[in-house]
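Here is a quick tour of a few spots worth a look while you have the structure open.

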Amino acid sequence: MKKKVTIIGGAGTIGTILYKGLRDKYDIVTIDKNVTEQSADFVKVDATNYDSLLHSIPKDSDALINLLTIKTEDDLKDIEDFQKMTSIHFVSSFYVLHAAITLGIPKVVYASSNHTTDYYEDNGFSSLGREIDTSDYPQSCGLYGVLKFASENIGQILARQTNNLSIINLRIGSVHPDEQKAVKEDDRLLRTILSHKDTVQLFDLALQSTVKYGTYYGVSDNPGKPWSTESAFKELGYFSKVNSVEILKRGNPFM
């Protein structure tokens with residue numbers, strides 16, 4: 001019998017990639033405020049409402065994946081934008097974790113972000129003279145990264161307090177629906193892209209992992225990549241299969 005994985009915020013780019021890449025292996029349920037046609041098992045819900053979220057999650061889920069996200073323009077200048085960001089990237093992150101504990105779901109995979117440490121990165125280059133790793137103090141340039149790190153920390157507390165709960169944070173690099181076009185047009189992505197194939201592999205490994213609590217960077221093995229994936233290799237078994245060079249080769253037979 002397939003394990004059941006519920007993807008919260010699964011109607012976006014990463015959710016679509018994961019559904020296509022994991023549906024043969026797992027029974028996928030997608031929960032999102034926006035309607036998607038990708039999954040027969042789709043539940044429309046506003047994750048900022050805890051009761052609605054709790055009752056929408058199948059009780060027989062083996063794991064939750066939190067992909068919730070929102071974009072704003074002036075989140076440190078506009079109070080309404082600040083509240084929107086905080087509601088999705090911190091409050092709802094806690095709701096997902098609390099729901100997992102309440103329902104006895106033993107695994108949560110959280111899509112964190114490279115922006116937790118974007119102070120050390122400029123246009124895809126590390127400013128540290130080495131790859132940025134998870135031991136570096138999370139210093140962010142914006143509210144998004146601050147809230148992502150805060151959610152990681154809430155997860156760490158709850159994983160420590162809850163016996164049957166594993167939480168894996170994946171600090172995602174750059175994921176695009178049309179990765180070939182994106183890499184051709186944006187020089188930064190040559191270093192920061194997490195390919196679709198590597199995205200599926202990394203989340204799958206996180207779902208299978210027996211690590212109680214862990215935080216890992218998610219980036220393909222691109223030349224000059226700014227973040228280290230050494231801990232993901234050692235603890236999850238992650239080994240990049242498609243990097244930016246290989247993505248570019250698809251459209252250029254002379255490379």
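Tyrosine 217 and tryptophan 227 are both buried. Keep in mind that this is a predicted model. The structure has three aromatic pairs. In one of them, the ring centres of tyrosine 217 and tryptophan 227 lie 6.2 Å apart with the planes at 5 degrees, so this pair counts as stacked; the cut-off for stacking is planes under 30 degrees apart. The two residues are 10 positions apart and link distant parts of the chain. Tyrosine 217 belongs to strand β9 (residues 213-218), while tryptophan 227 sits in the loop between β9 and α8 (230-236).

Now for the histidine. Histidine 89 is found in helix α3 (residues 79-103). Its relative accessibility is 1%, so histidine 89 counts as buried, given that buried means under 20%. What does the side chain of histidine 89 reach at 3.3 Å? That would be the backbone nitrogen of isoleucine 70. Leaving aside residues up to four places away in sequence, histidine 89 touches Leu68, Thr69, Ile70, Tyr110, Tyr144, Leu147, Lys148 and Ser151.

Some of that carries over to the helix packing, as His89 is among the α3 residues in contact with α4. Here are two helix pairs side by side:

| Helix pair | Angle | Axis distance |
|---|---|---|
| α3 (residues 79-103) and α4 (residues 143-161) | about 15 degrees | 10 Å |
| α1 (residues 13-22) and α7 (residues 196-208) | roughly 75 degrees | within 9 Å |

With that angle, α3 and α4 are roughly parallel to each other, since the cut-off for this is under 35 degrees. Their crossing is right-handed. On the α3 side, the contact includes Phe82, Met85, Phe90 and Phe94. From α4, the residues taking part include Tyr144, Leu147, Lys148 and Ser151.

One last stop is the backbone at asparagine 123. This residue isn't a glycine, yet asparagine 123 has a positive phi of about 55 degrees. You'll find asparagine 123 in the loop between β6 (121-122) and β7 (125-126). Is asparagine 123 buried, exposed or partly exposed? With a relative accessible area of 37%, asparagine 123 is partly exposed.

Terms used:
Residues numbered from 1 in each chain as written. Predicted model: local features only at pLDDT ≥ 70, side-chain atom pairs only at ≥ 80, totals over all residues. Heavy atoms only, no water. Helix = DSSP H or I, 4+ residues; strand = E, 2+ residues; numbered from the N terminus. Buried < 20%, exposed > 50% of the residue type's maximum accessible area, 1.4 Å probe, protein only. Polar contact = N/O pair within 3.5 Å; in protein donor to acceptor, adjacent residues only side chain to side chain. Contact = heavy atoms within 4.5 Å. Phe/Tyr/Trp six-rings, centres within 6.5 Å; stacked < 30°, edge-to-face > 60°. Axes fitted to C-alpha atoms, helices over the stretch in contact; angles between N-to-C directions. Parallel < 35°, antiparallel > 145°, perpendicular 65-115°, else oblique. Left-handed = near helix turned anticlockwise from the far one by under 90°.
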